[in-house]
Amino acid sequence: MRTWLWIGTLMICFVSGGATCARREAPVPFPPPPVAFNETPSLDELAGVMNRTSSIQQLSTNTASVEVLSMPNIPKLSATLSLQRERRFRLRASLPIVLGAGMDMGSNDEVFWFEVPEGIGMSKTLYYAEHAKYRQQLQRAVLPVDPTWIMDGLGLVQLDPATVVNGPVKREDGKLEIRSVIQMPDGLYQRVYLIEPSAGYVTNQFLYAPDNRLIAQSTATNHRYYAEHQCALPHQVELNLTPAMGQPLRMKITIGSYAVNQLLSGDPQLFTMPQNASQMVDLTTLSATAAAAAATAPTEYTADHHMAMPLRGTLR
């Protein structure tokens, strides 16, 4: 059960993917997006380009694959994905028959969930939580980030200039960097974005907890430009999650093609939490137990070899 719980944990937070016994070759890159900036843009100019993804309200695909990089014994999964702003998504991943039924993960305006098989039979366990309750205890939670991060990890991040405390600044590697703050019930989180300097799309994201621990990061590659929406979306996303307990976990999701502003599924219950699991577990009740076993996680690379503190200036 623990293996499935961690798989579900990662997918619901970021939906990324990782390794199998036989690795695939890297996907063929798409043509580069057109140039948006010839020099370092202002914050408002950068936000204007990043926020073009607001015209994308729905994404769906039947050509996704998910791998668990930190668990190489888990086979590659074929997946379908549907999402609709702001909190609605559904990921169904199929597994080899020796592992039983597939996984079902999703979210709607009220709750998020993941359903996984248990044992060798047909029984399933559904883990779920209400968004509002879960946000009240992120420091103690089994999942250290809000599950709606799936939208951002897949390229739909929106930037509010009022939350930015530093940047954009140009880094030594040529990328642009900005840092923003997020006020959550348990304190002030800081978020760092690395951005491709000419086209203006996000390549990396880092999230720091109020105690400056790096708790989540994502790397987006193989961007495809969608001319109708004047923005680029990644077709491969790798995400790292550092929970309060256990070792950091890595996953990756690769997408062949997207249907934009269209849901391929005609299911009217697409974003409804399933109710037929043999066992249902509220994650908010697990969190207190998990916190008792929490261990201090190692601090990894930050955006510019700094801790989660502003590069310059002060918090607004």
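**Exercise 1.** How many residues of strand β4 (residues 103-107) are buried?

*Solution.* The model is predicted: local features need pLDDT of at least 70, side-chain atom pairs count only at pLDDT 80 or more, and totals for chains, interfaces and linings use all residues. Residues are numbered from 1 along each chain as its sequence is written, and side-chain values use heavy atoms, with hydrogens and water left out.

Step 1. Strands are DSSP runs of E with at least two residues, numbered from the N terminus. Buried means under 20% relative accessible area (1.4 Å probe, protein chains only).

Step 2. In β4, 5 of 5 residues are buried.

Step 3. Met 103, Met 105 and Ser 107 point one way, Asp 104 and Gly 106 the other way.

**Exercise 2.** Find the strands that pair with β4.

*Solution.* Step 1. Two strands pair if DSSP finds at least two bridges between them.

Step 2. Strand β3 (residues 88-94) runs antiparallel to β4 and is joined to it by 5 bridges; here Phe 89 stands opposite Ser 107.

Step 3. Strand β5 (residues 111-117) is also antiparallel to β4, with 4 bridges, and Met 105 stands opposite Phe 114.

Step 4. Between β4 and β5 lie 3 residues, and the two strands form a hairpin.

**Exercise 3.** Describe the chain as a whole.

*Solution.* Step 1. The secondary structure comes to 5 helices and 15 strands; helices are DSSP runs of H or I with at least four residues.

Step 2. Of the 316 residues, 54% count as buried.

Step 3. With contact meaning heavy atoms within 4.5 Å, residues 24 or more positions apart account for 61% of the contacts with a separation of 6 or more.

How values were computed:
Buried means under 20% relative accessible area, exposed over 50%, partly exposed in between (1.4 Å probe, protein chains only).
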